[in-house]
Amino acid sequence: MPTRSAEASRKTKETDISVSVHVDGTGKSDIATGVGFFDHMLDQLSRHSLIDMTVKAKGDLHIDDHHTVEDTGIALGQALAKALGERRGIMRYASIDLAMDETLTRAAIDVSGRPFLVWNVSFSSPKIGTFDTELVREFFQALAQNAGITLHVTNHYGANNHHIAETCFKAVARALRSALERDPRQPDAVPSTKGSLKG
């Protein structure tokens, strides 16, 4: 089986980011973005998807966290797209309802080559500590767009904003894990009647 690993980097006047991914990993991560809560969420994404991830980011945090979070999503999505190549032999679809204490969130994924995000998640506060809650959506928008995945995330209910954000990352992670698993019944086939998952 070919190794599903790749690297991507992004350097602008706002950020300098390098990432690497190994899809068939064990969930090891080495994350340093300068944004503590975001690092915690990326650790969850790696651990529960079993995608090994290295993320190193330097951004204009003196302004705010926006550029760092969004550009990390861009680079991570690009690395995933490279690692998956033609997307042969993947399960392609997955969904999960993920519970954490009082919170329940669903993530559904189609590794389709067609980027799209449907986001049905609300937060009762603009901040989790110093982290802007609106940046959770910005990250997943950038990830979906650049990885070429259709992603639907719905928070059914929850009271704690940290839990709501964390279930989004964990649910997406578990859905990714299932969707990217190799299909033993068609290990060399592109799972599409078109014969392509390039969009």
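User: What does the side chain of T33 reach at 3.1 Å?

Analyst: In this predicted model, the T33 side chain lies 3.1 Å from the backbone nitrogen of V35. T33 itself is located in the loop between β3 (29–32) and α1 (36–49).

User: Why is T33 called buried?

Analyst: Buried means under 20% relative accessible area. T33 has 1% relative accessibility, and therefore counts as buried. Beyond residues up to four places away in sequence, T33 touches F38, D39, L42, V55, A57, L61, T68 and T72.

User: What makes the pairing of the T33 and D39 side chains a polar contact?

Analyst: The criterion asks for N or O atoms within 3.5 Å, one able to donate a hydrogen and the other to accept it. The side chains of T33 and D39 are joined at 2.5 Å, and this pair is a polar contact.

User: Why is the lining of the largest cavity described as having eight nonpolar residues?

Analyst: Ala, Val, Leu and Ile are among the types that count as nonpolar. The lining consists of L80, L84, V111, L143, A147, I149, L176 and L180. Two or more lining residues come from each of α2 (66–84), α3 (134–147) and α4 (161–180). The division is therefore eight nonpolar, no polar and no charged. This cavity holds about 40 Å³ of space, and one cavity of 30 Å³ or more is found in the whole structure.

User: How does the lining of the largest pocket divide by class?

Analyst: That lining has six nonpolar, one polar and six charged residues. Of its 13 residues, P2, R4, L84, R88 and R182 lie nearest the centre, and the pocket volume is about 200 Å³.

Note on methods. Residues numbered from 1 in each chain as written. Predicted model: local features only at pLDDT ≥ 70, side-chain atom pairs only at ≥ 80, totals over all residues. Heavy atoms only, no water. 1 Å grid on protein atoms, 1.4 Å probe; cavity = no way out; pocket = protein on both sides within 12 Å on 5 of 7 lines; lining within 4 Å. Points joined across faces, edges and corners; volume = space filled by probe spheres on them. Helix = DSSP H or I, 4+ residues; strand = E, 2+ residues; numbered from the N terminus. Buried < 20%, exposed > 50% of the residue type's maximum accessible area, 1.4 Å probe, protein only. Contact = heavy atoms within 4.5 Å.
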